[in-house]
Amino acid sequence: MRKAATALATGALVVSLGVLGGCAGGATSAASSVPDGAPNPMPASHAGRFENLGANGCYGCHGASESANPMLATATVVPEDHFAQGKYASMAFDSVREQCNTCHPQG
Ligand code: HEC
Ligand code: HEC
């Protein structure tokens with residue numbers, strides 16, 4: 001949870017740097033607390049979720065709604081740079097992030 005809070009706090013900075021890039025982008029690691037820029041893999045509990053549900057399925061727990069972010073309280077907060085227009089208020093993941101598993105492999 002500490003990492004999630006840090007990611008949330010640094011989200012605005014990451015957006016201001018315009019980081020949309022690759023899984024191991026140097027700028028991303030400089031702007032966040034992730035040591036080498038590699039984001040966390042999906043937990044073992046997630047096996048098959050991306051294949052079965054796609055990004056919309058992720059959104060059901062990790063997404064933002066009018067009343068909650070994340071929608072499932074125990075889910076990890078997704079950084080704001082993952083959202084359309086870089087804003088939670090868009091209430092949609094950015095289309096360039098839809099292939100979640102390319103950067104967050106199944107752990
Ligand atoms: C049913 C609710 C649910 C769905 C659907 C879901 N997640 Fe999660 N996710 C969680 C919860 C709860 C956690 C917290 C840690 C755990 O379960 O081990 C988590 C943790 C994670 C983490 C680890 C974060 C960290 O800091 O270690 C990643 C990455 C992640 N989810 C990505 C995804 C992706 C990508 C999808 C879509 C394929 C997805 N999740 C779908 C509930 C969900
Ligand atoms: C282009 C690579 C990329 C894609 C695609 C991507 N992410 Fe991430 N994600 C990252 C990086 C890098 C971080 C580390 C923190 C940051 O960006 O501020 C991260 C952080 C996260 C976190 C916070 C926990 C952590 O690992 O630090 C969650 C949860 C998460 N992503 C979920 C998702 C979901 C859900 C999707 C699909 C809708 C997705 N990601 C797509 C690169 C990506």
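**Entry 1: the iron**

I began at the iron atom of ligand 1 and found it coordinated by H46 and H62, each through its NE2 atom, at 1.9 to 2.0 Å. I note at the outset that this is a predicted model. I then looked up where the two histidines sit: H46 belongs to the loop between α2 (26-31) and α3, whereas H62 is in helix α3, so the pair ties together parts that are 16 residues apart in sequence.

**Entry 2: the geometry**

Why is the arrangement around the iron atom of ligand 1 called octahedral? I found six donor atoms there, subtending angles of 88 to 179°, and this is what makes the arrangement octahedral. For comparison I wrote down that the ideal angles for six octahedral donors are 90 or 180 degrees.

**Entry 3: the two histidines again**

Are H46 and H62 buried or exposed? I checked both residues, and H46 and H62 are each buried.

**Entry 4: the surroundings of the ligand**

I counted 18 residues around ligand 1, and those that come nearest are N40, H46, C58, C61 and H62. Helix α3, which covers residues 49-62, gives the largest share of this shell, with six residues. Sorted by class, the shell holds nine nonpolar residues, eight polar ones and one charged one.

**Entry 5: polar atoms**

I looked next at side-chain N or O atoms beside the ligand, and found one of N40 at 2.8 Å from an oxygen atom of ligand 1. For R49, a polar side-chain atom lies 3.4 Å from a nitrogen atom of ligand 1.

Conventions. Residues are numbered from 1 along each chain as its sequence is written. Chains are lettered from A and ligands numbered from 1 in the order in which they are written. This is a predicted model: local features need pLDDT of at least 70, side-chain atom pairs count only at pLDDT 80 or more; totals for chains, interfaces and linings use all residues. Side-chain values use heavy atoms; hydrogens and water are left out. A residue is near a molecule or strand if one of its heavy atoms lies within 4 Å of it. A polar contact is a pair of N or O atoms within 3.5 Å; within protein, one must be able to donate a hydrogen and the other to accept it, and residues adjacent in sequence count only if both atoms are side-chain atoms. Helices (H or I, at least four residues) and strands (E, at least two) are DSSP runs, numbered from the N terminus. Ala, Val, Leu, Ile, Met, Phe, Trp, Tyr, Cys and Pro count as nonpolar, Asp, Glu, Lys and Arg as charged, and the others, Gly among them, as polar. Donors are N, O and S atoms within 2.8 Å of the metal (3.2 Å for Na, K and Ca); water is not among the atoms, so sites may look incomplete. Four donors count as tetrahedral if all angles lie between 85 and 135 degrees; four count as square planar and six as octahedral if opposite donors are over 155 degrees apart and all others between 65 and 115; anything else is irregular. Buried means under 20% relative accessible area, exposed over 50%, partly exposed in between (1.4 Å probe, protein chains only).
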